[in-house]
Amino acid sequence: DEIVAANDSILFPLMSVFKFHTALAVLDRMDKNRTPLDSVVRIKASDMHPDTYSPLRERHPGRDFSITIAELLRYSVAHSDNNACDILLEYAGAVEKYVRGLGIENTFISASEKTMHDRIENQYLNRSTPTATARLIETFFENRLFASKYKKFLIRIMTETSTGQDKLK
């Protein structure tokens, strides 16, 4: 394999791209624990941070609710929902450690969406090189990281995205 990359020594901010990293770690945990995609979790209204992009919060304003993990993943990955991402980030645990366990270096994930929202400079805490991000995507598509039902689900929600219609799906 030959890789040609420009500016690959620079760690670029991942911004919402880290939602993919988080989804991988969530699905890996689900696979290890044999947790079905339709498993229901209870979300407290207090978990829905205000003043951040969140179609999930808009759908369930000011109240506790139940939702499947699959739907949380869909909100996070396909709709770029910041609250869903933070709930999944907590569920997944150490996302950066998971990514490193796949052999992907030069990726740093230490900030939640809330942390990034609280201070604008925190948006630069989650960062990666272009090659590291490309390798992670390649690793996902070319290897068996978890059961195929989880992989097929993630591919489906990635292609069904409703945000960034002018971006690569």
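The following conversation goes through some features of a predicted model.

Visitor: What should I know about the model before reading the values?
Guide: This is a predicted model, in which local features need pLDDT of at least 70 and side-chain atom pairs count only at pLDDT 80 or more, while totals for chains, interfaces and linings use all residues. Residues are numbered from 1 along each chain as its sequence is written, and side-chain values use heavy atoms, with hydrogens and water left out.

Visitor: How many residues does helix H1 have, and what does it span?
Guide: Helix H1 covers residues 18-33, which is 16 residues, and reaches 23 Å from its first C-alpha to its last, close to the 22 Å expected at 1.5 Å a residue. Helices are DSSP runs of H or I with at least four residues, strands are runs of E with at least two, and both are numbered from the N terminus. The expected span is 1.5 Å times one less than the number of residues.

Visitor: Is H1 mostly covered or uncovered?
Guide: H1 is mostly covered, with 12 of its 16 residues buried. Buried means under 20% relative accessible area, exposed over 50%, and partly exposed in between (1.4 Å probe, protein chains only). Among the buried residues are Phe-18, His-21, Asp-28 and Met-30.

Visitor: What does His-21 touch?
Guide: Leaving aside residues up to four places away in sequence, His-21 touches Leu-14, Val-95, Val-99, Thr-107, Ile-109 and Leu-136; contact means heavy atoms within 4.5 Å. His-21 counts as buried because its relative accessibility is 0%.

Visitor: Where is Gly-93, then?
Guide: Gly-93 is in the loop between helix H4 (82-92) and helix H5 (95-101). Its relative accessible area is 39%, so Gly-93 is partly exposed. Gly-93 and Thr-22 are 71 residues apart in sequence and 9.0 Å apart in space, C-alpha to C-alpha.

Visitor: Changing topic, what is the strand order in the open sheet?
Guide: The open sheet has three strands in the order E1-E5-E4, with antiparallel pairing. Strand E1 (12-13) and strand E4 (107-108) stand at the edges with a single partner strand each, so one side of each lacks a neighbour in the sheet.

Visitor: How many bridges join E1 and E5?
Guide: E1 and strand E5 (residues 127-128) pair over two bridges; two strands pair if DSSP finds at least two bridges between them. Phe-12 stands opposite Ser-128 in E5.

Visitor: Which residue follows H1?
Guide: Arg-34 follows H1, and its phi is positive, near 55°.
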